[in-house]
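Let's take a friendly walk through this structure, from its open spaces to its strands. Here it is for you to look at.

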Amino acid sequence: MRGEEIVRVRKTTPATLFGSGKVDELAALIRAAEAEAAVIDTDLTPVQQRNLEKAWECKVIDRTGLILEIFGRRARTKEGRLQVELARLDYERSRLVRTWTHLERQRGGTGSTGGPGETQIELDRRLIADRIVRLKAELEEVRRTRGLHRKARQKVPFPTVALVGYTNAGKSTLFNRLTGSEVFAKDLLFATLDTTQRTIRLPQGRPAIVADTVGFISDLPHELVESFRATLEEVGEADLILHVRDIASPDSDAQAKDVEAVLKQIPTVEGKTRRVLEVWNKIDLLDEDARETVLGHAERLRTQGEAVAVSAWTGEGIEPLRETIAGLIDDDPESEVTLEPHQGEALAWLYANGRVTGRETDAEGRTHVTVRLHPAALGRFERQYGEG
């Protein structure tokens with residue numbers, strides 16, 4: 001980066017956002033720095049972007065354009081690339097005039113002067129519109145497939161836990177710590193774009209599915225919220241949402257409000273109550289005084305199922321987090337099951353599909369098991385192994 005400047009705008013100028021004096025001042029700074037691009041941390045209209053590029057003689061990128069550029073580099077799966085491309089086409093559709101300035105010398109076929117590049121622009125808009133339709137159809141197929149997978153999971157009713165949080169809050173590191181996976185995790189904006197799911201074992205054997213999702217950011221462009229609808233549906237379907245916060249960041253409270261604002265845009269499945277547990281991550285980065293304060297406050301909230309303080313990097317607080325998760329999603333009814341000595345396979349099934357809370361063996365060698373099972377899982381057990 002060659003330089004940066006904070007500009008206070010009391011009144012926006014429709015043509016250039018900034019006043020003419022500030023535009024000239026910034027142009028001098030850009031020329032002195034020999035910058036090839038200028039990034040503005042706000043959204044620009046197509047007209048403002050075009051006029052600033054002419055005035056500064058360099059490429060101008062606004063907030064949405066920069067986020068889309070980063071997303072384009074981070075997407076790894078086919079679904080992620082489709083979503084990013086759809087968002088970019090939707091964004092670029094109104095900015096085509098900037099792309100076709102090289103056609104200004106063209107004339108109409110009769111020798112008369114039509115609008116410069118007018119035909120080419122209209123053709124390009126039609127091509128983009130057609131491509132958007134195809135992308136939406138492909139993403140709808142992704143959404144349908146995801147729905148089928150979700151129905152299949154519901155037949156093996158493991159509770160689902162979705163990780164959400166501001167970008168770079170440590171979601172993927174926490175995901176890896178909980179699941180023992182090696183999902184890409186790095187100190188980067190939007191390191192994760194593609195939803196990843198893994199099964200974990202909670203205390204006393206209860207299985208659950210954990211999903212890592214895309215990071216949020218303040219004023220997340222609406223193009224991205226819409227395009228990533230298929231991915232964000234996992235959040236709306238989750239039995240529990242872990243809101244991962246970088247508690248060591250001075251902007252932690254503001255970031256939390258930004259995440260909550262995006263969550264409000266994601267509908268919850270009908271009949272399901274949204275439950276959110278805050279995970280205060282990166283306590284290893286706090287100084288001693290701040291650390292004691294955060295740990296004390298978190299411990300009080302943990303007893304109410306509201307917050308847990310952890311360090312996903314060092315592993316501190318992970319076991320209390322697992323216990324809290326189990327307590328919040330463990331609302332299946334308890335059943336008493338008696339197994340004969342030869343029914344070892346049935347006992348293993350109970351551990352794999354439920355949460356065993358008690359187990360005793362009597363003098364005859366029969367095993368009496370107290371287990372929490374989803375009613376559908378209990379029905380499958382009884383059909384497969386008898387009522388025990």
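## The largest pocket

The lining of the largest pocket divides into 22 nonpolar, 2 polar and 6 charged residues. In this scheme Ala, Val, Leu, Ile, Met, Phe, Trp, Tyr, Cys and Pro are nonpolar, Asp, Glu, Lys and Arg are charged, and the others, Gly among them, are polar. The space in this pocket comes to about 1,000 Å³. Of the 30 lining residues, Gly3, Glu4, Ala38, Val39 and Ile40 are the closest to its centre. Helix H1 (20–33), strand E1 (37–39) and helix H3 (63–74) are the elements that give two or more residues to the lining.

A word on terms: on a 1 Å grid over the protein atoms alone, a pocket is an open set of points with protein on both sides within 12 Å along at least five of seven lines, a cavity is a set where a 1.4 Å probe fits but cannot get out, and lining residues have an atom within 4 Å of a point. Points are joined across faces, edges and corners, and a volume is the space filled by probe spheres set on them. Helices (H or I, at least four residues) and strands (E, at least two) are DSSP runs numbered from the N terminus.

## How the model is read

This is a predicted model, in which local features need pLDDT of at least 70 and side-chain atom pairs count only at pLDDT 80 or more, while totals for chains, interfaces and linings use all residues. Residues are numbered from 1 along each chain as its sequence is written, and side-chain values use heavy atoms, with hydrogens and water left out.

## The sheet

Six strands form an open sheet with mixed pairing, in the order E4-E5-E3-E6-E7-E8. Strand E4 (196–201) and strand E8 (307–309) stand at the edges with a single partner strand each, so one side of each has no neighbour in the sheet. From one strand to the next, the twist averages 25°. Helix H10 (residues 288–302) packs on the sheet, where H10 touches strand E7 (276–281) and E8, and its direction makes about 145° with that of E8. Angles run from 0 to 180 degrees between N-to-C directions, with axes fitted to C-alpha atoms, for helices over the stretch in contact.

Two strands pair if DSSP finds at least two bridges between them. E4 and E5 run antiparallel, joined by 6 bridges, and Arg201 stands opposite Pro207 in E5.

Of the 6 residues in E3, 6 are buried (under 20% relative accessible area with a 1.4 Å probe, protein chains only). Thr160, Ala162 and Val164 point one way, and Val161, Leu163 and Gly165 the other.

Why does Leu163 count as buried? Because its relative accessibility is 0%. Apart from neighbours within four places in sequence, Leu163 is in contact (heavy atoms within 4.5 Å) with residues including Lys171, Phe175, Val210 and Leu242.

## An enclosed space

The second largest cavity has a volume of about 40 Å³. Its lining has 5 nonpolar, 3 polar and 2 charged residues, among them Tyr166, His243 and Gln255. E6 and helix H9 (252–264) each supply at least two lining residues.

Methods:
Buried < 20%, exposed > 50% of the residue type's maximum accessible area, 1.4 Å probe, protein only.
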